Amino acid sequence: MKPTVLLLLAAAVLPLSASAFCGFYVARADSKLYNKSSQVALVRDGKYTSITMASDYQGDPKEFALVIPVPTVIDKEDVKVVEKSVLDHLDAYTAPRLVEYWDRDPDESYYAKNPIAPAPMTEGRSARRIFSDGARARGVTIEKQFTAGEYDILVLSAKQSDGLVLWLNENSYKMPEGAEAVLDSYIRQNMKFFVAKVNLERQAQEGRTWLRPIRVTFKTRKFMLPVRLGTVNAKGPQDMIVYVLNRNGRVESTNYRTIQMHTNKNVPEFIKSDFADFYRDMFDRVVTQEKMSSIITEYYWDMGWCDPCSSDPVPMKELRELGCTWLTGEDNARPEQGSTFITRLHVRYDSEHFPEDIVFQETGDLQFIQGRYIIQHPWRGKSKTEAAKAYFKELRERLEEEATTTASLTGWPIERIRAKQASYKDTSKEPR
Amino acid sequence: MRIDPRHYQIAVLSTLLVYGMTVLHFEVTLAKAATILGTATACQWLFSKAARIRFEWRSALISGLSMCLLCRCSTWWLAVLAAAIAIGSKFALRWRGKHLFNPTNFALVLLMLVGDGRVWVSPGQWGNVAFFAFLMACLGGLVVMRAGRADVALTFLFSWVALLVGRSLWLHEPMTIPLHRLQNGALLLFTFFMISDPRTTPDSRAGRIVFAMLVALGGWWWQFKMFETNGPLWSLAVCSLLTPLLDFLLPAQRHSWSGPSTPPLQLNLAPS
């Protein structure tokens with residue numbers, strides 16, 4: 001058997017909705033873009049933390065196991081299986097978005113009097129006994145043993161990492177090489193281990209073929225995400241998207257630099273069909289520039305509103321499932337403004353660049369941030385008036401600026417961008 | 001040529017601020033930086049006039065620049081308040097003619113304590129990309145600093161390194177972990193520009209060494225036992241309360257920028 005330690009998942013596409021003030025929403029760059037990506041929802045309320053982890057594990061479920069170091073012994077009521085759609089919804093809701101606007105007829109008074117106005121922008125602002133006997137011999141204590149949904153859960157404490165690894169291996173959890181050293185440092189910090197394994201019978205009874213995310217809640221002063229175990233057997237860097245939900249404000253790391261993704265950039269029209277490539281290449285470039293040692297904030301907003309919204313609002317029922325227990329309103333209502341904040345952090349990590357677990361802090365930041373990229377469709381009418389001439393002159397400069405911006409953000413050759421711009425056939429229509 | 005250490009500090013802090021604003025994109029606008037520096041200087045002038053002492057712009061500028069680099073807040077007026085508290089603390093919180101707290105440290109800790117999360121410090125903001133250039137600039141500061149006062153910075157640094165490495169050895173962690181923690185701009189800023197402030201540290205060398213070790217130990221406890229952030233900042237504020245006691249137990253001549261209590265290190269930069 002083979003465990004997957006720390007996890008991965010890809011998102012589904014949700015129905016789109018549009019809003020005019022921050023542009024008409026056209027596309028988003030969600031976690032599906034990345035090959036090896038995991039999604040984690042981290043809810044922080046005072047000293048309480050809930051971690052929900054979603055796996056995109058595609059292999060045989062009997063070979064799946066999840067090991068999370070936790071600061072305290074976890075009881076059955078602290079564990080909950082969450083529907084996968086909840087994390088997918090958060091992904092869609094917070095993903096970087098492409099919006100579009102349309103230029104007006106330059107002969108209308110606006111363009112006759114004014115140069116082209118930039119698109120409005122928002123300011124840069126989620127057989128027990130045998131088991132136990134063997135465990136004792138290995139210095140492993142089974143603190144708790146219970147089931148949650150399709151998972152069998154064990155909460156273990158251990159005296160020695162070699163005993164723990166031996167015991168896990170004897171009990172059909174094959175630990176990757178190198179895990180022992182990492183487990184050792186957690187044991188020395190008196191941490192426990194939350195181990196989840198799929199109960200195939202129950203999974204079959206419930207008729208499920210996929211693994212649902214699992215949530216663990218505990219009380220701790222530590223506001224952190226254990227990533228070290230996940231890097232032990234990783235082949236190359238992994239992407240992780242963390243949705244931090246809290247009551248106070250933007251969340252950042254204290255031991256890694258946390259930066260904001262480029263946002264509010266005007267891009268050429270053809271990006272409408274190439275948005276996934278555009279965002280992925282831009283993200284790769286930022287990671288390279290930051291020498292893969294920073295965490296990138298892709299979204300930070302009050303859960304009470306969004307503009308433009310890239311999916312339906314996330315209702316309180318779903319947020320409560322993730323651990324936002326302070327929300328007491330109706331299931332289908334969204335949270336009140338000012339009650340709940342979400343920070344979407346995107347980390348590309350490996351053991352070399354992220355040697356220690358990620359530690360977070362809440363800030364009092366009130367400036368919302370969203371990855372927002374803007375297409376401004378030119379006016380395509382014909383006119384030879386002075387206003388039209390001025391418009392077309394400005395337009396040429398604007399298109400060139402969009403090309404250079406895209407080149408500098410993505411590293412794409414400028415000639416290729418210009419050629420795509422020139423051959424682009426606009427079939428869009430402004431929604432009325 | 002003799003370089004006044006404060007001029008060197010102002011030069012390094014200004015460079016760091018420009019670097020932070022342009023390359024690292026700190027959340028500090030030009031207007032915000034100007035407001036903080038203006039407030040610090042104005043308060044210094046005002047309080048000096050009230051206290052009938054000479055207006056010392058350099059000290060105000062150093063506090064202001066440190067504030068720009070460290071203080072993050074939700075509204076601009078909190079930064080102004082922080083700058084005013086910093087300068088005010090130098091005049092108001094004195095013990096036998098010596099100010100008790102490093103001004104920037106006091107203002108930050110006070111506002112983090114009572115500000116309900118509206119003021120914070122981002123220790124991760126520096127990253128570790130330009131760490132070594134930063135380190136060199138800080139070490140340069142030691143050269144121009146009066147030789148007698150490098151002891152606080154160095155003792156703190158050695159104690160902090162020992163505690164971090166010791167903890168990782170005890171936990172059987174790879175050395176990449178303490179190394180990553182040490183490659184931190186915020187730590188250097190603290191070590192070379194805050195704890196080493198000669199006006200607030202104990203007068204005697206033995207006192208300063210004890211003081212620096214206590215700050216390191218307290219900061220380590222706060223950060224790695226209580227799992228809170230900015231351990232050294234909190235620890236310095238608390239340990240500053242012990243300075244009068246250390247001065248009483250281990251008396252020595254007081255530091256003054258104008259009259260050297262220990263001879264300044266002379267840098268001979270002229271061609272021979």
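Which residues does Asn128(B) touch, not counting residues up to four places away in sequence? The first legend takes this up, after a short note on the model.

This is a predicted model, in which local features need pLDDT of at least 70, side-chain atom pairs count only at pLDDT 80 or more, and totals for chains, interfaces and linings use all residues. Residues are numbered from 1 along each chain as its sequence is written, chains are lettered from A and ligands numbered from 1 in the order in which they are written, and side-chain values use heavy atoms, with hydrogens and water left out.

**View 1. Asn128(B) and its contacts.** Asn128(B) touches Ser293(A), His180(B) and Gln183(B), leaving aside residues up to four places away in sequence; contact here means heavy atoms within 4.5 Å. You will find Asn128(B) in the loop between β4 (119-121) and α6 (131-144) of chain B. Helices (H or I, at least four residues) and strands (E, at least two) are DSSP runs, numbered from the N terminus. Leu182(B) is 54 residues from Asn128(B) along the chain, and their C-alpha atoms are separated by 9.4 Å.

**View 2. The interface of chain B and chain A.** Chain B brings 31 residues to this contact and chain A brings 26 residues. About 2300 Å² is buried between the two chains, with carbon and sulfur atoms giving 51% of that area. Buried area is the accessible area (1.4 Å probe) that two parts lose on being put together, summed over both. The rule finds four salt bridges across the interface, each a side-chain nitrogen of Lys or Arg within 4 Å of a carboxyl oxygen of Asp or Glu. Look for the salt bridge between the side chains of Glu228(B) and Lys47(A), at 4.0 Å from N to O.

**View 3. Helix α4 of chain B with helix α5 of chain B.** The axes of α4(B) (residues 76-92) and α5(B) (residues 103-114) come within 8 Å and cross at roughly 130°. Axes are lines fitted to C-alpha atoms, for helices over the stretch in contact, and angles run from 0 to 180 degrees between N-to-C directions. The two helices are therefore oblique to each other: angles under 35 degrees count as roughly parallel, over 145 as roughly antiparallel, 65 to 115 as roughly perpendicular and the rest as oblique. On the α4(B) side, the contact includes Leu78(B), Leu81(B) and Ile85(B), while Phe106(B) and Leu110(B) are among the residues from α5(B). By class, this contact has 10 nonpolar, two polar and one charged residues. Ala, Val, Leu, Ile, Met, Phe, Trp, Tyr, Cys and Pro count as nonpolar, Asp, Glu, Lys and Arg as charged, and the others, Gly among them, as polar.

**View 4. Helix α3 of chain B with α4(B).** Here the axes of α3(B) (residues 57-70) and α4(B) come within 10 Å, crossing at roughly 140°. Ser59(B), Ala60(B), Ser63(B) and Met67(B) of α3(B) meet Ala82(B), Ala83(B), Ala86(B), Ile87(B) and Lys90(B) of α4(B). Six of these residues are nonpolar, two polar and one charged.

**View 5. Two backbone details in chain A.** The peptide bond from Asp307(A) to Pro308(A) is cis, with omega near -5°. Pro308(A) sits in the loop between β16 (294-302) and α9 (316-322) of chain A. Asn190(A) is not a glycine, yet has a positive phi of about 65°. Its place is in the loop between α5 (179-188) and β9 (192-198) of chain A.
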